[in-house]
Amino acid sequence: MGAQSDDRRLGKAQPGRTHAAMRVLFWTWIVLITAGLVFYSVVGLSHH
Amino acid sequence: MRRWLHDNSLSLFFLVIFLAALVGQAIAGHTLHNENAMAHHSSTMSFWRYLHSSDFGNAVMENWQSEYLQFMLFMLATVWLVQRGSPESKPPGKEGPESDEEQKIGPHADDDSPGWARAGGLRTLVYSNSLLIVMSIIFFGSWFAQSVTGWTNYNADQVDHHQATLTWLGYIGSADFWEATLENWQSEFLAVGSFVAITAFLRQRGSSQSKPVGAAHHSTGVEG
């Protein structure tokens, strides 16, 4: 009983949802960084 | 929702303080820029215009590149080099890329291993180095962004002072570019090198970046 509720609480029965949440953060960081460095590369180059 | 926040709290915490610090930098930088402009009897700029300026972009990018250089070098160095006693290091004797079995590659993959770890060939080779590849792309990308925004700033100053401007390649070889680059690199190397050595003897109870409080000083690669 205890182990079963622990499993549910820890999300072990829902690896898809766990991965989806991790993917959201993974892509948030990647998009944020890429947007920043591409944007300021264009800003720097556009003044020439 | 609470579970989602709990399970991802480390990256969410840093995402929030990163954005807060970036906004703070932009506000302070904009104020400083306009104070300097007024002191030199030149035109001020709006906050929105400042966000699109090479001045702000250069200040942001020169710090980004050094952080990702630090990650890139630390990842590469920790494959081949060790520091006895550090939780950041592999134990002496484990230097190198390790065996396929130790790395759970190909036939040694677990049931829930990533597909590209099991696939073999080029896909496994790429995936085996994917962290280094992405860190390197971000490092070189932000270093390039630092160079072009710094180039723009440098030439704007040169024009203001009726001096000759530089080509991009000329700027890459300039003292201005290397002073801005190396002032960031030295602080990253200082932080990483000292952290590796200091963590052999000092502890932070409960942190994954520290050995357990009672771990021996000579035990290496053990995290709390």
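This is a predicted model: local features need pLDDT of at least 70, side-chain atom pairs count only at pLDDT 80 or more; totals for chains, interfaces and linings use all residues.

## The overall build of chain B

Which kinds of secondary structure make up chain B? The count is nine helices and zero strands. Reading from the N terminus, the order of elements is α-α-α-α-α-α-α-α-α.

The C-alpha trace of chain B spans about 65 × 40 × 40 Å along its principal axes. Its radius of gyration is 23 Å, while a compact globule of 224 residues would have a value near 17 Å. Of the 224 residues in chain B, 32% are buried. If you look at contacts in chain B between residues at least 6 apart in sequence, 47% of them join residues at least 24 apart.

## The second largest pocket

Now for some empty space. Rolling a probe the size of a water molecule over the atoms shows where such space is left. The second largest pocket has a volume of about 1,100 Å³, and 35 residues line it. Which residues lie nearest the centre of this pocket? They are His33(B), Asp55(B), Asn153(B), Ala156(B) and Asp157(B).

Several helices of chain B take part in this lining: α2 (9–39), α3, α4, α7 (130–160) and α9 (175–198) each supply at least two residues. The largest share comes from α7(B), with eight residues. Sorted by class, the lining of the second largest pocket has 18 polar, nine nonpolar and eight charged residues.

| Residue | Relative accessible area | Class |
|---|---|---|
| Tyr171(B) | 2% | buried |
| Ser53(B) | 4% | buried |
| Val196(B) | 14% | buried |
| Ser219(B) | 16% | buried |

Let's start with the serines. Ser53(B) sits in the loop between α3 (47–51) and α4 (54–80) of chain B. Where does the side chain of Ser53(B) reach? It comes to 2.6 Å from the backbone oxygen of Tyr50(B).

Ser219(B) is found in the segment after α9 of chain B. Its side chain reaches the backbone oxygen of Ala216(B) at 2.9 Å. Not counting residues up to four places away in sequence, Ser219(B) touches Gly85(B), Ser86(B) and Lys211(B).

Val196(B) has its place in helix α9 of chain B. Leaving out neighbours within four places in sequence, Val196(B) is in contact with Phe74(B), Gln83(B), Ser86(B) and Glu88(B). Ser86(B) is also among the residues that Ser219(B) touches. The C-alpha atoms of Val196(B) and His218(B) are separated by 13 Å, and the two residues are 22 residues apart along the chain.

Tyr171(B) belongs to helix α8 (residues 168–172) of chain B. What does Tyr171(B) touch, not counting residues up to four places away in sequence? The list is Ser147(B), Gly150(B), Trp151(B), Tyr154(B), Leu166(B), Asp176(B) and Phe177(B). With a relative accessible area of 2%, Tyr171(B) is buried because the limit for that class is under 20%. Its C-alpha atom is 30 Å from that of Leu19(B), a residue 152 residues away along the chain.

## Two residues with positive phi

Two loop residues close the tour. His41(B) lies in the loop between α2 and α3 of chain B. Its phi is near 55 degrees, a positive value in a residue other than glycine.

Lys104(B) is found in the loop between α4 and α5 (115–119) of chain B. Although Lys104(B) is not a glycine, its phi is positive, at about 55 degrees. Its relative accessibility is 40%, so Lys104(B) counts as partly exposed, the class between under 20% and over 50%.

Note on methods. Residues are numbered from 1 along each chain as its sequence is written. Chains are lettered from A and ligands numbered from 1 in the order in which they are written. Side-chain values use heavy atoms; hydrogens and water are left out. Helices (H or I, at least four residues) and strands (E, at least two) are DSSP runs, numbered from the N terminus. Buried means under 20% relative accessible area, exposed over 50%, partly exposed in between (1.4 Å probe, protein chains only). A polar contact is a pair of N or O atoms within 3.5 Å; within protein, one must be able to donate a hydrogen and the other to accept it, and residues adjacent in sequence count only if both atoms are side-chain atoms. On a 1 Å grid over the protein atoms alone, a cavity is a set of points where a 1.4 Å probe fits but cannot get out, and a pocket is an open set with protein on both sides within 12 Å along at least five of seven lines; lining residues have an atom within 4 Å of a point. Grid points are joined across faces, edges and corners, and a volume is the space filled by probe spheres set on the points. Ala, Val, Leu, Ile, Met, Phe, Trp, Tyr, Cys and Pro count as nonpolar, Asp, Glu, Lys and Arg as charged, and the others, Gly among them, as polar. Contact means heavy atoms within 4.5 Å. The radius of gyration is taken over C-alpha atoms; the globule rule is 2.2 Å times the number of residues to the power 0.38.
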